[in-house]
Amino acid sequence: MSEALLSSGRTLGVIGAGVMGSALLKGMLNHGLLTRQQAWATAKTEASCVEVAQSLGITTVREYEELVADAEILLIAVKPAQAQKVADRLKQAGMRKDALLISVLAGVTTARFEEFLGAENAVVRAMPNTPCLVGHGITVYCGGRWATEKHLEVAQKIFLSVGKALEVEEHYFNAITALSGSGPAYMYLVMESLADAGVRVGLPRDLAMELVAQTMLGSAKMVQQTGRHPAALRDDVTTPAGCTIGGLLMLEDGKIRSVLARAVEEATRIVEQLGKGKS
Ligand SMILES: NC(=O)c1ccc[n+]([C@@H]2O[C@H](COP(=O)([O-])OP(=O)(O)OC[C@H]3O[C@@H](n4cnc5c(N)ncnc54)[C@H](OP(=O)(O)O)[C@@H]3O)[C@@H](O)[C@H]2O)c1
């Protein structure tokens, strides 16, 4: 079991136990970072509260004011537009001065969140992605004005429970949101397209999908474990006048590199607007 996250008698509250909030809770519970009694969560609707309480076995409430006073860590996972509302509610509920706030809200900077709070609480901003649901996410995080090394270590422990975790400078966040935050959606589109391609050349769909998913997983592991450049790995599977070079040429004809670059560029532009509250 990993070292516990919380001091005795203190709790961790998740404000917004949706997809991301629940995935993080599940990771922390599974890794023994906290007990079920130390965790609580809230959602907007009663239905979501009931669902999370049943699936994770923790306390969930819509009116969480009474629980805030004991919270040592507050994990904020509502939609970005709710940030101000949540900050106001936490303040009114008497949030402790030493409570650490961890926000996964896309586009909301630490400075903006600190401004919403109007207090000197430590804030850590993070950007996870949905593979956190299966323990293979990648999360980046950074500290705000009042966050210490200890706060960053706490955040790192939380995000390591659902995959990899990297501390980065905050100015990279919009680009990272567009690359690895949105990234799973790009990968799913590529997988779906390749599975269709398999069907086109005569494979049953289930078989095509299994081949594609494992090929994507294996290729990613090759890059991570060998440390070699993808171009070098690609050369290894490209024999002169063979079928792979023929397929690659078609991908280049279709401008796959610039299409992917433009997709990330556009997603970055949109996340910048999100951060300014323009969406
Ligand atoms: N999903 C991703 O891939 C991803 C990746 C990185 C970061 N994020 C960030 O994570 C955050 C949540 O995204 P998500 O995909 O997990 O969304 P989600 O599934 O819709 O979850 C949002 C949760 O917040 C609850 N909620 C809404 N308003 C609330 C309020 N005023 N007070 C308390 N709870 C409230 C919702 O309750 P109900 O269920 O009752 O509506 C829901 O449980 C977003 O800020 C997003 O930018 C998401």
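Of the 279 residues of the chain, 39% count as buried, where buried means under 20% relative accessible area, exposed means over 50%, and partly exposed lies in between (1.4 Å probe, protein chains only). The model is predicted: local features need pLDDT of at least 70, side-chain atom pairs count only at pLDDT 80 or more, and totals for chains, interfaces and linings use all residues. Residues are numbered from 1 along each chain as its sequence is written, and side-chain values use heavy atoms, with hydrogens and water left out.

**Overall build**

- The chain has twelve helices and eight strands; helices (H or I, at least four residues) and strands (E, at least two) are DSSP runs, numbered from the N terminus.
- Taken along the principal axes, the C-alpha atoms of the chain fill a box of roughly 70 × 35 × 35 Å.
- The accessible surface of the chain is about 15,800 Å², and 58% of this belongs to carbon and sulfur atoms; accessible areas come from the Shrake-Rupley method with a 1.4 Å probe, and for residues only the protein chains shown count as cover.
- Among contacts (heavy atoms within 4.5 Å) between residues at least 6 apart in sequence, 63% join residues at least 24 apart.

**Two domains**

- The domain assignment gives domain 1 (11–170) and domain 2 (181–275); such bounds come from an automatic or database domain assignment.
- The centres of domain 1 and domain 2, taken over C-alpha atoms, are separated by 33 Å.
- Nine residues of domain 1 are in contact with seven residues of domain 2.
- About 550 Å² is buried between domain 1 and domain 2, with carbon and sulfur atoms giving 60% of it; buried area is the accessible area (1.4 Å probe) that two parts lose on being put together, summed over both.
- The count of salt bridges between domain 1 and domain 2 is zero.

**Salt bridges**

- The structure holds eleven salt bridges, each defined as a side-chain nitrogen of Lys or Arg within 4 Å of a carboxyl oxygen of Asp or Glu.
- K91 pairs with D88 in a salt bridge, with the closest N and O atoms 3.8 Å apart. Because K91 and D88 are three residues apart in helix α4 (residues 83–92), about one helical turn separates them. K91 is partly exposed, at 39% relative accessible area, and D88 is also partly exposed, at 29%.
- R262 and E265 form a salt bridge whose closest N and O atoms are 3.0 Å apart. Both residues lie in helix α12 (residues 256–275), three residues apart, or about one turn of the helix. R262 counts as exposed at 53% relative accessibility, while E265 counts as partly exposed at 48%.
- D236 forms a salt bridge with R228, and the closest N and O atoms are 2.7 Å apart. D236 is exposed, with a relative accessible area of 51%, whereas R228 is partly exposed at 36%.
- A network of salt bridges links R10, R96 and D98.

- V201, L203, L207 and L211 make a nonpolar surface patch of about 350 Å². Patches are made of residues with over 30% relative accessible area and no salt bridge, with like charges joined within 9 Å and nonpolar side chains (Val, Leu, Ile, Met, Phe, Trp, Tyr) within 5 Å.
- L207, one of the patch residues, sits in helix α9 (residues 205–226) and is partly exposed, at 39% relative accessible area.
- M216 also lies in helix α9 and counts as partly exposed at 25% relative accessibility.
- Leaving aside neighbours within four places in sequence, M216 is in contact with M187, V190 and M191.
- From M216 to V264 there are 48 residues in sequence and 19 Å in space, C-alpha to C-alpha.

**Backbone angles in two loops**

- Most residues other than glycine have a negative phi.
- A241 is not a glycine, yet has a positive phi of about 60 degrees. A241 lies in the loop between α10 (230–236) and α11 (243–253) and counts as exposed at 84% relative accessibility.
- K255, likewise not a glycine, has a positive phi of about 60 degrees. K255 lies in the loop between α11 and α12 and counts as exposed at 55% relative accessibility.
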